[in-house]
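Open your viewer and get ready to click along.

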Amino acid sequence: MSKSNEHEFFTPEEKYLFRALSAALRTETPDEMRSVMPAGENAPDEMRSVMPAGENAPDQDRLLMLAQEHAVLSLLYPLLEREGQIPDALAACIRNEGIRTVQQNYRLMFLSHYLAEQIEKRGAAVAVIKGVIASDGYPSPELRKSGDVDLLLFDKKALEEAERVMEEAGFEKSGRQHSAHHHTWRTPEGIDIELHVMLAEPFDDRGVNAALERQMDRMSARICRKSVMGLEFPVLADGDHAYYLLIHMLHHFLRAGFGLKLLCDWTVFWNLPRQEDEVRRYAEQAAETGLTGFSEMVTCLCIDCLGLKKENVSSFFAGRYSRSESGSFMREILDAGEFGMQEEGRMVVIRRGGIAGYMREFHHQMRLNYPEESKIPLLWPALWIAALVRFLINNKKRRGVSAIRILRKAGERGRQVKKLELFKKERN
C-alpha cells in the first residue's frame with residue numbers, strides 16, 4: 001500500500017502493528033526476523049525501523065490497546081529479541097501476554113487431542129478446527145491466542161458419540177444454545193468446547209447453504225492427519241482447511257465483524273507452500289459458493305499489510321480491488337476488533353439496500369432464532385413478533401444499544417459488502 005494511502009486510512013499505531021505482525025509471522029531465518037520490513041528504495045522511511053521516532057512514533061498505550069483488542073499481542077513475543085528496540089513497558093506487556101497465552105494453549109492443545117482421540121475410538125469422523133490447527137505454520141504456534149476447543153462433526157452419529165464423550169468426561173452442556181451450527185459444552189475449569197455440525201450459521205441464500213452441505217460430505221472423505229507441536233490430530237485437507245478459514249471469516253463478518261487475528265491465520269497458511277491440487281480445490285469451492293470476491297479482498301489485505309507472499313496465491317488471486325477499496329475494508333476490520341467486540345451497534349450486515357434489505361435480514365434472523373418453528377410458514381407472523389421483542393429486549397438490557405443505532409450500523413456495513421458481490425457465481 002502506498003505511503004499516501006497509509007496516511008489516509010491508518011494511524012501510526014495501526015501501521016506499526018502491521019509491520020510488527022508482518023515480521024513476527026515470518027518463518028524464514030532469524031536474521032530476516034530482525035527487520036520489521038526489509039529495507040529498499042520503495043520502503044517509506046518510517047517503515048525502516050522497529051519503533052519509529054518523531055511525529056510518526058506510535059503511542060504505546062494506544063498500540064497496546066489495539067493489539068489486545070485484536071488478540072494479537074502475544075504474537076509479538078519473538079520481536080523481544082531485539083534488545084533496546086521495543087520500550088520496556090511495552091515489552092513487559094508483550095512478555096506477560098505471551099506467557100499467559102502459552103499456558104492456555106498447551107491446555108487447549110492436549111484437551112483437543114484427547115477429545116478427538118476419544119471420538120475417533122468410537123468410530124465417528126471428526127476434525128479439529130481453528131485453535132491448535134490454525135496455529136500450525138506460525139513460527140511459534142503456542143503464541144497464537146485461542147480460547148476454546150473446536151471440533152467439526154460430519155453426521156448425526158458423530159454428534160451423538162461426541163456428546164457421550166462430553167458426558168463421560170464430566171462436562172456440562174450449555175443450557176441455551178445460541179448458535180445453530182454448533183453445540184457448546186463446558187469443562188469444570190470453564191473451557192468451552194464447541195461441537196460444530198455445520199461450517200457456519202446458515203446464510204440467507206439457500207443455494208449457498210446447500211453447497212456447504214455438499215462440501216461437508218466431501219470434506220469428511222478427505223480427513224487427514226497432521227502433527228502439531230508433537231501431537232497428531234485429525235484435520236481437514238489443506239484445500240478444505242483454507243476454505244473453512246474463509247467461511248469462518250465470512251461468518252463473523254456478516255454478524256459483528258472479525259479482527260486481525262483471522263487475517264494472521266490466512267497469511268500464515270498461504271505463506272507455506274501448498275500442493276497445486278489443494279489450491280485448485282480451494283479456488284473451486286470459493287467459486288461454487290460465490291465467495292471469490294471475499295477471497296480476493298482478504299488476500300489483498302494480507303498481501304498489503306501482513307506480508308503474505310503474493311507469489312504463493314498467484315493461481316487464485318487476481319488483484320481486482322483498488323488500494324482505496326482494500327484500505328476502506330481494512331478500516332472496517334480494525335474498527336471491529338476481535339469478532340466485532342470493540343464497536344457498539346455491530347450485530348448484522350444488510351446485504352441489500354432499501355426497506356426490502358432490512359426485511360430480508362430480519363426474516364433471516366427470525367429463522368436463525370427459531371430454526372424448527374420457522375419451517376411452518378403459518379407461524380411466521382407470530383415468530384416475527386417474538387423475534388422483534390427478543391431483539392429489542394436484548395439490546396436494551398444486555399447491550400445498552402438502541403435498535404436504531406444497530407440498524408444504521410448494519411446499513412453502513414452493507415455498503416462494504418456490496419463491493420464483494422457475495423454469493424454471486426463467477427461467469428466463465
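Two residues are in contact here when heavy atoms of theirs lie within 4.5 Å. Keep in mind as you go that this is a predicted model.

**Stop 1: L263.** Select L263 and show what surrounds it. Leaving out residues up to four places away in sequence, L263 touches M249, F258, V298, L301, C302, L306, M330 and I333. Now widen the view to the largest nonpolar core, a set of 83 residues. L263 is among those with the most contacts inside this core, together with W266, W270, F294 and M330. There is also a second, separate core, with 28 residues, including M109, L111, A124 and L153. As background, nonpolar side chains in soluble globular proteins tend to be buried together.

**Stop 2: two helices.** Next, colour α10 (residues 260–271) and α12 (residues 292–306). At what angle do α10 and α12 pack? The angle is about 85 degrees, and the axes are 10 Å apart. α10 is therefore roughly perpendicular to α12. To see the contact itself, show L263, C264, W266 and T267 on α10, and S295, V298, T299, L301, C302 and L306 on α12.

**Stop 3: the cysteines.** Stay here and pick out C264 and C302. How many disulfides does the model have? The count is zero, since a disulfide would need two cysteine sulfur atoms within 2.5 Å. For C264, the nearest cysteine sulfur is that of C302, 7.7 Å away. C264 counts as buried because its relative accessibility is 0%. C302 is likewise buried, because its relative accessibility is 0%.

**Stop 4: V72.** Now select V72, in the loop between α4 (60–69) and α5 (88–121). Is V72 buried or exposed? With 0% relative accessibility, V72 counts as buried. Setting aside neighbours within four places in sequence, V72 is in contact with L17, L21, A67, L260, K261 and C264, so C264 from the previous stop comes back into view.

**Stop 5: a hairpin.** Finally, show β6 (residues 224–228) and β7 (residues 231–235), which pair in the antiparallel sense over five bridges. K226 stands opposite F233 in β7. β6 and β7 form a hairpin with two residues between them. End on M229 in the turn, where phi is positive, at about 50 degrees.

Methods: Residues are numbered from 1 along each chain as its sequence is written. This is a predicted model: local features need pLDDT of at least 70, side-chain atom pairs count only at pLDDT 80 or more; totals for chains, interfaces and linings use all residues. Side-chain values use heavy atoms; hydrogens and water are left out. Helices (H or I, at least four residues) and strands (E, at least two) are DSSP runs, numbered from the N terminus. Buried means under 20% relative accessible area, exposed over 50%, partly exposed in between (1.4 Å probe, protein chains only). A nonpolar core is a set of buried Ala, Val, Leu, Ile, Met, Phe, Trp, Tyr and Cys residues joined through side-chain atoms within 4.5 Å. Two strands pair if DSSP finds at least two bridges between them. Axes are lines fitted to C-alpha atoms, for helices over the stretch in contact, and angles run from 0 to 180 degrees between N-to-C directions. Angles under 35 degrees count as roughly parallel, over 145 as roughly antiparallel, 65 to 115 as roughly perpendicular and the rest as oblique.
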